[in-house]
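Here is a short report to read alongside the picture.

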Amino acid sequence: MVSSEGDGGGDKLMRKVLGLGYWVQGFRCFPWLVVSFFLKDGLNVNPTTLQILQSSASIPMVGKPIYGLVSDSVYISGQHRLPYIAFGAFLQALSWLAIAISPSSISVFTISIYLLLGNLGAAITEVANDAMVAEMGKQPPSSTTKHSQQPSSSGNLQSFVWIASSIGGVLGNLLGGIFIGRLSPQSMFMFFSFLVALQFFVTISVRESSLGLPKNPSFGIKKQLSELSAALRKPEIAYSISWFALSYAVIPLLNGTMFFYQTQYIKINSSVLGISKVFGQATMLLWGVIYNRYLKSVSPRKLISAIQATMALLMISDFLFVRGFYRQMGVPDTLYVVIFSGFLEVLFFFKFLPFTVLIAQLCPQGCEGSIMAFLMSAVALAFIVSGYLGVALASYVKITGSDFSGFPFGLLVQAACTLLPIFWSSCIPEYVKTKDKRKE
């Protein structure tokens, strides 16, 4: 490894590789926005089927701990991050190309298989990217900044990749909203396939030794499992991850129902939904900047709990929206959808930034990829459970593609469930005492 590049050229190259990776990761909203309309209008699925398909497509994300263990333990030509990023990008390019060249009469089962393959590639890529961020976040500060606070040094890279992902999301949703009614779904799927193919070729052109990654001891998978098991037995890690996953799992998501309500019932144009998602991604970008400058020293427990409470408040606002309260006050439906719906959709992910900074500080060295992958796997499983709970709730309140009379009550149940995790937020540490601070 070329250690001399760790402070200069290696750091710049690392940021380019991670910036591209997270930008593409954020841009994945572009084909998925098209998928929602393609399933509803092209394949004529109902709200329940749409939500089941969207939730089930995340199943490959649950396998992230396995991908993380393999990435931590199995080196390919002396590299254990970039080859996996390249392989994941290749799978994504292959799956979206297959959807693009398929006939418009493609079956729901077939497109589900392709979406699962694409998410498998995305999961592998995300694991390797997250592991590199965690590894760099745990490097000791340089001699010129050795007295700086640890949260600042460990949070800079997380904020950078967060911003890169947000920029990708803004552009993806903007382009999706503009072109969804002007181009065929197949051509938009083809465009994204070319984009991840570009990521594949860029990744294989870079040598991992030039990135300045810290030298971690190479263990076998059995040893890595032992290290992961030991790390997860630490109360501060186990309780934090458990709370974070459960804070999503207990919420019955009604995203599919809200999508049908907006597009089918109140006839919101697809371009408005695109602008709404752009607004949401823009707030994510702004959140990354605000957190990096002002909130890194705030207690993770207080910050994450405040975000959870804000989510519940916006769900109550959705209840008022569906009941027509804002319409009676003269607020157009399109304005509400652009601002409040777009903000609520991304608010679910605001917790990720402070929480990943926290976990990166808690991770034992050498199993960053496994811990981060386990975290993302737990969250993916939580979202699947949340989606299925949403399907059950929509069925209980008798919501269909044409009858939304039970929707307001479902939104109140959703808001109440969102508040529950705040009562056991003590599982999240207030602050992390790092080795540097203990020495001081």
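This is a predicted model: local features need pLDDT of at least 70, side-chain atom pairs count only at pLDDT 80 or more; totals for chains, interfaces and linings use all residues.

Which residues are buried in H16? They are Phe352, Leu353, Pro354, Phe355, Thr356, Val357, Leu358, Ile359, Ala360, Gln361 and Leu362.

Residues are numbered from 1 along each chain as its sequence is written, and side-chain values use heavy atoms, leaving out hydrogens and water.

**The whole chain**

The protein has 19 helices and zero strands. Helices (H or I, at least four residues) and strands (E, at least two) are DSSP runs, numbered from the N terminus. Of the 440 residues, 57% count as buried. Contact means heavy atoms within 4.5 Å. Among the contacts with a separation of 6 or more, 88% are between residues 24 or more positions apart.

**Two nonpolar cores**

A nonpolar core is a set of buried Ala, Val, Leu, Ile, Met, Phe, Trp, Tyr and Cys residues joined through side-chain atoms within 4.5 Å. The largest one holds 52 residues, and Leu39, Trp96, Ile111, Tyr261, Phe321 and Phe407 touch the most other members. Helix H2 (residues 29-42) gives the most to this core, with eight residues. Leaving aside neighbours within four places in sequence, Leu39 is in contact with Asn44, Val45, Leu50, Leu53 and Ile111. Another core, of 48 residues, lies apart from the largest one, and its members include Tyr248, Leu314, Cys363 and Phe383.

**A pair of helices**

Two packed helices are described by the angle between their axes and the distance between the axes. Helix H12 (residues 270-295) and helix H15 (residues 333-347) pack at an angle of about 45°, with their axes 7 Å apart. Axes are lines fitted to C-alpha atoms, for helices over the stretch in contact, and angles run from 0 to 180 degrees between N-to-C directions. H12 and H15 are therefore oblique to each other; angles under 35 degrees count as roughly parallel, over 145 as roughly antiparallel, 65 to 115 as roughly perpendicular and the rest as oblique. Where the helices meet, the H12 residues include Val272, Phe279 and Met284, and the H15 residues include Val337, Phe343 and Val346.

| Residue | Helix | Relative accessibility | Contacts |
|---|---|---|---|
| Ser317 | H13 (residues 300-322) | 7% | Tyr326, Tyr336 and Phe340 |
| Ala231 | H9 (residues 221-232) | 1% | Ile237, Pro364, Cys367 and Ile371 |
| Gln186 | H8 (residues 185-204) | 19% | Phe38, Ile99, Ala100, Ser102 and Ser104 |

Why does Gln186 count as buried? Gln186 has a relative accessible area of 19%, so it falls under the 20% limit.

Definitions and conventions
Buried means under 20% relative accessible area, exposed over 50%, partly exposed in between (1.4 Å probe, protein chains only).
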